[in-house]
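These are my notebook entries on one protein model. I looked up a few items one by one and wrote down what I found.

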Amino acid sequence: MTQHNNLCDIGFIGLGVMGKNLVLNLADNGFSIAAFDLDIAKVEDAIAQDKTESGSSTARVIGCSSYTELLSCLKPPHLIVLSVPAGAPVDQVCENLIGAGIQPDDIVIDTGNSLWVDTVAREKKYKNNFILFSSAVSGGEVGARFGPALMPSGSPYAWTRIKPIWQAIAAKVDAETGKPIERTKPGDVVTEGEPCAAYIGPAGAGHYVKMVHNGIEYADMQIICEAYQMLRDGLGLDSSAIADIFEKWNNGPLDSYLMEISVEVLRHKVGDDNTPLVDLILDKAGQKGTGLWTAMSSLELGTPAPTIAQAVYARSISSFKDLRVHASSVLSGPEAQSFSEQEKTDFTDQLQDAIYCAKICAYAQGFQLMKLAEKEHNWQLDFASIAKIWRAGCIIRAVFLQSITQAFERNPELDNLLLDDFFAEQLCKHQLNWRKAVSNSALMGIPTGAISSALSYYDSMRCAVLPANLLQGQRDFFGAHTFERVDKPVGKKFHVNWSSNKRDLNEIG
Ligand code: 6PG
């Protein structure tokens, strides 16, 4: 075993893309790290990069070749950060740490995208061995390196130890404008501003919030992709022209990281003939599960998140490439149309409003889902604080998150974002164009599942009387499932004896 003279502040396990960048971020912020990965080459790579970037002869990161060595290199009580794939690998590492002699007052922070119920179970399972804390990380590679959004949850004691470290490495926003404070170079640190790291709640709460973040991320991405298809297949624009439009949109209320990277992807050209890369990328979307979990949770809790679910389905449909190619030669749709310049401008303006409104609905669905989960699991989520964390560092960071923060600051008990004065007014102002864009997509035969499901969601939400009265009648007819009545007290159940000739109506119980 290598002898190390100085004990490190933090042990780090898992030096994949996210892990390595978090390590470098921690090192820039003055923390010393003992690092371990089953693949020793990854440890060596992180150490080499840190040396080059810091230009220092003193190592800020040291490598360890076993779990035992890792523990021996740390200041007690030990603080160990895991950046390993969700699921079985997390348990495997926990068991290995137990085997290596981890102590009950040591803290292990799971930064992966673990399923939140697994986190709840793990905290209980390992409570006699160590304190399992979780802190989902958002922001991808660059976020991890220069400031991610962090969603910590678990033992409040553990949080008091982790907080200064997390607040140091997190993305920061200017408190007044809500705008991210730039940090782009190795060695940069940002000490001013509001850190995108706030305690979310007990075990599982942080991973739940990150899961919903990803569900919203799926919806946001899909909404942008639908606009891309409308412009590509509806107006026949090439990727550069679409990038120009997106770039313009990115200067208004749609200003967001996802819009910004879409422009970059659309502009990227490859090969001697400068082919737009996007035209060469196969249209089959991958997914690791967090969007699916969000949709499943919304179904389990009985709260509508159709735009998020649609985004998951859109990825599923995309994966049936062969079937779609076959169906495209069998199933007919509308003929392609041509448009005047004025019609193209109108179409584009309508689409911009449609994206904005659909995006508001996707966030409204995500926040309402978290509100229901909060009640169900007895958490105390601070929605303004969650919106604040998402203003920088994370994948869904956007100017728009400042308006969401303000909505929950105005009314922390807000049932649904659509009911906030600002958002209600925005939807009122932009809805006609949204409706036109959805109509255009239907008439052109271009799928816009996320954008149009958001419109249905909006229309359902503003519908005082839905057709569920007929549905209750149908259920009562075939299954004697009973119904309540508008003219009787809530909770009183009624049933019609549909099989008798008299079809008598009775109060039940
Ligand atoms: C983030 C991302 C990150 C990752 C997800 C989504 O917040 O940094 O959400 O967690 O990109 O795993 O991945 P899929 O699109 O593959 O499901």
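**Entry 1: a pair of strands**

I started with Ser-134 and found that its bridge partner in β7 is Ser-153. The model is a predicted one. I then looked up how the two strands run: β6 and β7 are antiparallel, and five bridges join them.

Next I asked how many residues of strand β7 are buried. I found five of its five residues, 149-153, buried, and noted the strand as mostly covered. In a regular strand the side chains alternate between the two faces of the sheet. I therefore listed the two sides of β7 separately, using under 20% relative accessible area as the cut-off for buried. Ala-149, Met-151 and Ser-153 are on one side, Leu-150 and Pro-152 are on the other, and both faces are covered.

**Entry 2: aromatic rings**

I counted 19 aromatic pairs in the structure. One of them is Tyr-126 with Phe-130, a stacked pair with 5.1 Å from centre to centre and 20° between the planes. Tyr-126 is buried at a relative accessible area of 1%, and Phe-130 is buried with a value of 1%.

Why is the pair of Phe-133 and Trp-159 called stacked? Planes under 30 degrees apart count as stacked, and these two planes are at 5°, with the ring centres 6.4 Å apart, so the pair is stacked. I noted that this pair links distant parts of the chain, 26 residues apart: Phe-133 belongs to strand β6 (residues 131-138) and Trp-159 to helix α7 (residues 156-169). Phe-133 has 0% relative accessibility and counts as buried. Trp-159 is buried too, at 9%.

I also found one aromatic cluster, formed by Tyr-356, Tyr-363, Phe-400, Phe-422 and Phe-423. Lys-359 lies over the face of Phe-400, 5.3 Å from the ring centre. In another place, the charged end of Arg-315 sits over the ring of Tyr-218, at 3.5 Å from its centre.

**Entry 3: Trp-249**

Is Trp-249 buried or exposed? I found Trp-249 buried, with a relative accessible area of 1%. Trp-249 is in helix α9, which covers residues 239-249. I left aside neighbours within four places in sequence and looked up its contacts, which include Ala-227, Leu-231, Leu-254, Asp-255, Thr-348 and Ile-355. Met-259 is also in contact with Trp-249. These two residues are ten apart along the chain, and their C-alpha atoms are separated by 8.2 Å.

**Entry 4: cores and domains**

In soluble globular proteins, nonpolar side chains tend to be buried together. I looked up the largest nonpolar core here and found 88 residues in it. Which residues touch the most other members? They are Phe-246, Trp-390 and Trp-434. Helix α15 (residues 341-377) gives the most to this core, with 16 residues. Domain 1 (10-203) and domain 2 (207-461) each supply at least three residues to this core.

A second, separate core has 32 residues, including Leu-15, Ile-33, Ile-169 and Ala-170.

Last, I wrote down the division of the protein: domain 1 (10-203), domain 2 (207-461) and domain 3 (468-508). The C-alpha centres of domain 1 and domain 3 lie 57 Å apart.

How values were computed: Residues are numbered from 1 along each chain as its sequence is written. This is a predicted model: local features need pLDDT of at least 70, side-chain atom pairs count only at pLDDT 80 or more; totals for chains, interfaces and linings use all residues. Side-chain values use heavy atoms; hydrogens and water are left out. Domain bounds come from an automatic or database domain assignment. Rings of Phe, Tyr and Trp (its six-membered ring) pair if their centres lie within 6.5 Å; planes under 30 degrees apart count as stacked, over 60 as edge-to-face and the rest as tilted. Buried means under 20% relative accessible area, exposed over 50%, partly exposed in between (1.4 Å probe, protein chains only). Helices (H or I, at least four residues) and strands (E, at least two) are DSSP runs, numbered from the N terminus. A charge sits over a ring if NZ of Lys or CZ of Arg is within 6 Å of the ring centre and within 35 degrees of the ring normal. Contact means heavy atoms within 4.5 Å. A nonpolar core is a set of buried Ala, Val, Leu, Ile, Met, Phe, Trp, Tyr and Cys residues joined through side-chain atoms within 4.5 Å. Two strands pair if DSSP finds at least two bridges between them.
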